[in-house]
Amino acid sequence: MISICGVSKWYGPTRVLDDCSTEVAKGDVVVVCGPSGSGKSTLIKCVNGLEAVQRGEVIVDGVVVTAPKTDLNRLRARVGMVFQHFELFPHLSVADNLTLGQIKVLGRSRDEAIARGLKMLDRVGLAAHRDKFPAQLSGGQQQRVAIARALSMDPVCMLFDEPTSALDPEMISEVLDVMVALAEEGMTMMCVTHEMGFARRVADRVIFMDQGRIVEDCAKESFFGAPRSERAQQFLAKILQH
Amino acid sequence: MLPNLDLEVVGASLPFLWTGLLFSLKLTLVAMSGGIVCGTLLALARLSSIAPLRNAAAAYVNTLRAIPLVMVILWFFLVIPLLTGKPVGAENSALITFTLFEAAFYGEIMRAGIQSVPRGQVAAARALGLTYAQSMRHVVLPQAFRNMLPLLLTQTIILFQDTSLVYAIGAKDLLKAAEVTGKNYNRPVEMYVFVALIYFAICFALSRLVRRLQARVAIVR
Ligand SMILES: Nc1ncnc2c1ncn2[C@@H]1O[C@H](COP(=O)(O)OP(=O)(O)OP(=O)(O)O)[C@@H](O)[C@H]1O
Ligand SMILES: [Mg+2]
């Protein structure tokens with residue numbers, strides 16, 4: 001479903017992605033972790049072309065994202081993305097947040113978009129909040145709306161960039177529950193997260209990044225069993241302490 | 001202090017003043033809406049990744065902001081007939097000049113407004129598949145406009161006061177009407193005091209509105 005092949009990216013002289021390659025098969029859940037600044041966000045944004053790469057190839061569902069002629073807007077409409085800071089549109093109601101992309105990008109009618117959006121809103125357990133504005137919701141609720149917004153577009157895969165790291169501890173699980181349910185229904189997911197409980201529960205593979213490089217890319221069992229690189233061992237030891 | 005003020009003069013000249021006030025208001029509204037629309041385009045150009053577009057917009061804004069408005073009004077009034085070969089009239093000339101001039105100021109406000117919208121908002125809009133134009137139209141500009149509403153209105157108050165400068169080219173605005181009636185009745189002091197009160201009342205009301213909006217915007221954010 002997602003294939004990343006020899007991708008490198010520079011910001012000026014600094015190399016933020018260094019020859020990264022990995023695959024996410026249909027229905028797989030891959031967790032990406034690593035220290036701050038290691039390039040996790042950059043890597044995941046390359047998948048839907050939010051970040052351009054200088055070298056290598058990214059293919060999503062048969063579409064070559066890195067080819068210059070690719071219609072990126074059409075591709076992005078099929079790839080859901082959830083951000084660390086939710087990024088709901090604060091001037092729009094929850095319902096309008098859910099329908100904007102459907103109407104403007106997918107060309108759905110308003111009724112159709114509302115119906116689809118409300119179904120997704122119901123799925124994340126927030127149907128009662130359709131007429132509220134984002135500022136009236138808690139962080140956890142906002143992130144669930146953001147997930148519903150992405151799902152309303154009927155994506156073929158979902159990208160998550162630290163979806164719970166801006167949340168208060170008591171709100172983390174409500175978002176993770178939604179993600180677990182999604183994973184169990186067979187959604188293809190690439191998640192940047194340090195929630196190792198989530199990784200243990202639903203991930204098929206874990207990728208560990210350091211300094212722009214994919215240092216480990218292995219099945220969950222072997223990652224948690226005994227990561228090969230010293231760097232990953234240190235990292236795991238550090239975050240599992242808490 | 002002011003010995004024999006003749007208030008009847010004021011009453012008699014009301015219809016004429018009203019016509020002048022209407023033009024002042026029309027000029028304000030046209031320059032405001034035109035200025036905000038053109039200014040938004042200027043702001044987008046100034047933030048564009050295309051260097052020539054960016055530089056052209058910056059040159060426009062910086063030039064107009066460095067010239068006194070009266071000079072622009074006069075120049076435009078004198079130059080346009082030379083270029084087009086026919087006079088456009090003081091009123092039309094004023095409408096066009098003010099729109100172009102105010103665009104530079106509203107543009108800078110809108111630029112700050114666009115920059116006040118977090119970058120993640122654009123990323124989220126683009127991630128949904130919205131084009132650049134759609135992201136601006138539906139996500140960034142509405143927020144920029146709302147954040148900047150108090151400043152845009154403050155600029156409009158300044159604009160309304162500045163409309164009195166069209167007096168320089170003889171356009172029939174409120175101030176001109178006061179001057180004309182003042183001369184006709186030989187009562188200039190009464191007329192100038194009266195229109196000063198009108199300018200004050202309108203600007204005062206608007207600035208109260210700005211203060212209320214500021215409080216409102218602060219809460220929503
Ligand atoms: N626009 C940019 N210009 C220059 N450097 C950037 C830019 N964006 C990111 N970087 C750099 O690229 C590197 C990778 O950034 P990235 O955001 O992908 O890291 P990350 O692994 O997601 O970190 P975090 O856990 O803090 O989110 C960092 O060193 C960062 O400073
Ligand atoms: Mg990041």
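Okay, let's start with the lining of the largest pocket: by class that's 11 nonpolar, seven polar and seven charged residues. Here Ala, Val, Leu, Ile, Met, Phe, Trp, Tyr, Cys and Pro count as nonpolar, Asp, Glu, Lys and Arg as charged, and the others, Gly among them, as polar.

Quick housekeeping. This is a predicted model, where local features need pLDDT of at least 70 and side-chain atom pairs pLDDT 80 or more, while totals for chains, interfaces and linings use all residues. Residues are numbered from 1 along each chain as its sequence is written, chains are lettered from A and ligands numbered from 1 in the order written, and side-chain values use heavy atoms, without hydrogens or water.

Now, terms. We work on a 1 Å grid over the protein atoms alone: a cavity is a set of points where a 1.4 Å probe fits but cannot get out, a pocket is an open set with protein on both sides within 12 Å along at least five of seven lines, and lining residues have an atom within 4 Å of a point. Points join across faces, edges and corners, and volume is the space filled by probe spheres set on them.

So that pocket has about 910 Å³. Helices H4 (90-116), H5 and H6 (132-162) of chain B each give two or more lining residues; helices are DSSP runs (H or I) of at least four residues, strands (E) at least two, numbered from the N terminus. H5(B) has the largest share, five residues.
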